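Me: I'm new to this structure and would like to understand the words used for it. Could you take me through a few of them?

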Amino acid sequence: MRFFGFLVMAVITAGLVYLLNSSFKVGEQSVPAIGKLLNPFTGVWQNAKQSNDTLASTLYLSGLKAGAKVVYDDRMIPHLFAENDLDAAYLQGYVTAQHRLWQMDFSTRAASGRLSEVIGERTLEYDKRMRRLGMVYAAENAIEGWKEDAQMYAFLEAYSKGINAYIKTLNPKDYPLEFKLIGYEPEEWTPLKSALFIKSMAQSLCGRENDIENTNLLTLFGQEDFDFLFPEYFESQSPIIPKGTPWNFTPIYPKDGIQIQKPIGAIEHKTFEKPHPSNGSNNWAVAGSKTKSGNPILCGDPHLSMTLPAIWMELQIHTPNYNCYGVSLPGLPGIIIGFNENVAWSPTNVGQDVMDLYTIKWKDDSKSHYMLDGQAVKAKIKYEKYQVKDIGEVIDTVRYTKWGPVAYENRKQGEDIAIRWISHDKQVENEISVFYKLNKAKNYDDYVEALSGYVAPAQNFAFASKEGDIAMRVEGKFPIKKNQQGRFVQDGSLSANEWLGFIPKAHIPAMKNPERGFVSSANQHSTAPDYPYYYNSAGFGDYRGRYLNRMLAQMNDITVEDMMALQNSNYSIKAERMLPIFYSFLEEDKLDEDGKKYLTKLKLWDYNFDRDELAPVIYSIWSRKFYFFTWDEFKNDTLDLVRPDSWLAMDLMEDDPTNKYFDVIASRGKETAKDIVNKSFQEMVKEMNELRAKNQGLDRGTHNPTYINHLARLDGMGRKLYASGTGEALNATYRSHGPSWRMIVELGDEVKAKVVYPGGTSGNPASPHYDDFMDEWENGEYFDALFLKSADEEQERIKMVQEVVKE
């Protein structure tokens, strides 16, 4: 009997051990092995013990050529001091991995379509989409080109070796928390992963097009209405390079010389999820002639999806060749946005369309050959294999054509669609080299030379130097397109539909030391329509750039504090224009007491989207209702469409208030702009009253909180903030998008900078340095960047110095 009892307990114990050390599923959610997760020696408790970011006073690294130092200041910002540039890259890789290893791994897994290996079936479609977009194909082509620049490839390899040196120090107990929660291990870093990271940024910033939507719109509405509803230029626009700038060159192909063929009819494909339309930025530089100190000031704030760990990592890199401060992207060596002892730079997204879609006509149902100029051409077949957690191997077939990968497939004959994307191309030039050269640039000529090799994602690079120069260059590799090319899906059976080449670097839009005393960009049109080359976009910014140029033109005796206030401006010139038009149509005598109360709030409003204000909420609901009532014709359950820009509706209200598009399809009568304004106001009142009845906060910050989510959307590891701002203001904070880094640099005898970002150095959610800059960012406050001249500098803000010993 005693033996039987022992046997029963042994079976129960074995079962419990198996259960605790095996992963399982709850619904569609995979749950890691509970025993491993709660193991006091290797589980999450170890991450809690690491929460104070206790770092060894000495690092012993075998991959360096000489000793080095890592200085940490009072904000836990690492300042890297190396004896040569390759050691700096190695050390940056090590230190970045030390703080952000899981983020680096997860970001590149997502780009390569490998999330389902660790997440499971729910991310399989996302993975397939990444492979069909050719993300790995693009990264592999990038590596092939980069290897032709031996010096820069060695730089990238040094960075990778530094990351791997840190990974080799880890035991399971040391793994970042997310590895334990999701249930997988870090893997070796390679230069391909850095290439994947760059291509992921390119996809976010220059992977947006409306070819399918525009093709459907043209089919449904006809050429005349399409041209009316979707003009390519907003006449009130204030372009990056001012109208009237002389173009002192002869274009290779005049933009009006060749007309692209007509589109091909409606397309029923549901488009892939597009990059967020709020991805953008502001940047500007003011000359010393407009500042109180006489020194140039440069400002920049990239608007991206804000996550934790933060997308950026703030740091300083010092070698005998350069001394640079700013932010890096975890996964890439060097500083992407920043300054050194001589110059400062900051980019914004250009937004020009460099991704075009082409229909593929197959020779037969086998889809082994496609037709091109009447000839059958063999497609390259790639069998994409996915090792899906809890399921096993899944295979997807992707076909490659002369245009690129066939992304949209399995529709009726003739509707498979391939993608031609600039980031797929092999390039000897590489972004690593560009930023390395910017990091050590000393003057305007160095800035121009550094950017000469820049390809994608296209960026507007603002620049300022201690010598007094300010400049802006619309940099990237831009296709020469026929008139209207890239707005619609094209016939891929005709090679005549390919791009005509690329715009020479000498012909790209640029300006240096303009008479007005400033350069600026906010994702608006690069140029006025007088630019000799044709280009298009899935959506240029219509408002921020106009307000920015208005304010900079008015300002003189500018100080750093003035620029801080401007960078945090919540003013909306969209509301400034729209509300007076609304008022002119509103039948105020017919409003009830609630309506009158809301209207009074609006009329007292100064058009600032401050977080403690009610008026921005009233306006946002009213304008949203008006927008969807006006453009109700664009709701379609079968075809993907886009709606016209908001400025067009304002033009119509002023110039043509009885236009047919104000008529609501679902109603029996024929509405005008006046009817829509009043109807949308009443709907706004109804929604506002419903919010009040639910006792929901009605100030801007509470009604539209800012969510800074964990990168993997893990509950409890993000932050909910109540920030001011809106997408049309310079402080373009909206939901989970906004200024992911704010920087203001004054280039005097001693370069000084104000900086802040929503996050912290650490990637460990248990660390006090995970999100310790969040409150300052939310409140529009800044830190003084500690720009050290040496590792031995006497500075009270230095809290720790790590000696790095070469083994």
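Me: What stands opposite leucine 308 in strand 25?
Reply: Histidine 710 does. This is a predicted model, where local features need pLDDT of at least 70, side-chain atom pairs count only at pLDDT 80 or more, and totals for chains, interfaces and linings use all residues. Residues are numbered from 1 along each chain as its sequence is written, and side-chain values use heavy atoms, leaving out hydrogens and water.

Me: What makes strand 8 and strand 25 a pair?
Reply: Two strands pair if DSSP finds at least two bridges between them. Strand 8 and strand 25 (residues 706-710) have 2 bridges, in the parallel sense, so they pair by that definition. Strands here are DSSP runs of E with at least two residues, and helices are runs of H or I with at least four, both numbered from the N terminus.

Me: Why is strand 8 said to stand at an edge?
Reply: The open sheet has the order 8-25-26. Strand 8 (307-308) has a single partner strand, so one side of it is left without a neighbour in the sheet.

Me: How do you know whether asparagine 523 is buried or exposed?
Reply: Buried means under 20% relative accessible area, exposed over 50%, and partly exposed in between, using a 1.4 Å probe and protein chains only. Asparagine 523 has 8% relative accessibility, so it counts as buried.

Me: And what does arginine 735 count as?
Reply: Its relative accessibility is 39%, so arginine 735 counts as partly exposed. Arginine 735 also has a positive phi of about 55°, although it is not a glycine.
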